[in-house]
Amino acid sequence: SSLKNVNETASKGFWILKYLTDRAFFSIFVLGALLFLYLKTIDSTLGVLILCCFIYLAANGAFGMYVNVLTAMRERQKASIFLMADTLGKLLAIVLTVFIFQDRLDYIFIGISFSAIVSVLFLRAFISKRFRIDMVGSHQNFRDLKSTVIVSFPLILPTAFMALKMYGDRWILAGFMGVEELSGFSVLLQMGFLPMILMLGVVQTYVAPNIYNIAEANNPHILLIYLKALVFKIVIFSIATSLVSMALSGWVFSILVGNVYQQYSYFLPVFVISGAFSAISTILYVALIACFSTQKVAKMATMVVVVSLVSSFILVFFIGFVGAVVGLLFGSIATIVFYWYSLHSHAYVNC
């Protein structure tokens, strides 16, 4: 029954999304391939890492867009299932690649990138079948496509900067410290940061409609009260999870990846907290979109991402791997503070 037909407007909307996503994925892949060919002559390992980062970036972006489709169609349970399956798939990719290629750290990135591609292909196939776009008719009229691009264009720049921030930390770390530290950082991201983001992403699929409904009622004070209660619960949950990870980090690392990255296990609670804070900033970002124009949100998001990137660069330059960890945490906290201040000021102005 979940594969029933939907109306033509929704099907056309998914066709537009798939059209744009496929071309964005292809463009990012070509850019990564060009960088790979250039860097291969300098350092073949670095070239592979850059290519895998671009593939992972494209696949994660497409996956997020398709999850939003399920959320918009009130298929939140299925969105949650795909989010958790994606997380488990990436963790499994780490375990398998470390088990098979213990001495080839760059293979971890290949495994994670492959897992991301598999996830988005499964989700894309499911939604294609769900929307039955082959029965909609001709989509030769590109006026809807053009209007979609025009409306969403202001958000393209901050989205690109956010993606750059997500991978900028790793590129900066690789440039200053090397592959060993980069691999450890990436494993920590997959084991502590990413599961927390995706776990709370499930929460976001349920709270986003509430945020939009409250914002449409033009009562920003009620929205702040709702967000404050939500953030408080997430903070308590993340602190409890980080305490558990602090006690079990060594055991978790020994089970999943053996002794290869045991020296990094002590940082796992910090990545759990950073993942939760990053998820909170994403929820606040949804509230900003509901309250402000896309142009204003674009400026806000771009500014906080640039500040986070610069701070990460400085911290890694001076204190290395620890700087990358601190920069990740600092960037999440700074984003939350700025977004909350913006929402609070909006509520004060409209009181």
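View 1. Of the 351 residues, 48% count as buried, meaning under 20% relative accessible area, with exposed over 50% and partly exposed in between (1.4 Å probe, protein chains only). The accessible surface comes to about 17400 Å², and 71% of that area belongs to carbon and sulfur atoms. Areas come from the Shrake-Rupley method with a 1.4 Å probe; for residues, only the protein chains shown count as cover.

View 2. The chain has 9 helices and 0 strands; helices (H or I, at least four residues) and strands (E, at least two) are DSSP runs, numbered from the N terminus. Among contacts (heavy atoms within 4.5 Å) with a separation of 6 or more, 81% join residues 24 or more positions apart.

View 3. Helix H2, residues 44-72, contains Asn-60. Asn-60 is partly exposed, at a relative accessible area of 25%. Ser-119 lies 59 residues from Asn-60 along the chain, and their C-alpha atoms are separated by 8.9 Å.

View 4. The mean pLDDT of the chain (pLDDT is the predictor's confidence in each residue, from 0 to 100) is 75, and 74% of the residues reach 70 or more.

**Notes.** Residues are numbered from 1 along each chain as its sequence is written, and side-chain values use heavy atoms, with hydrogens and water left out. In this predicted model, local features need pLDDT of at least 70 and side-chain atom pairs count only at pLDDT 80 or more, while totals for chains, interfaces and linings use all residues.
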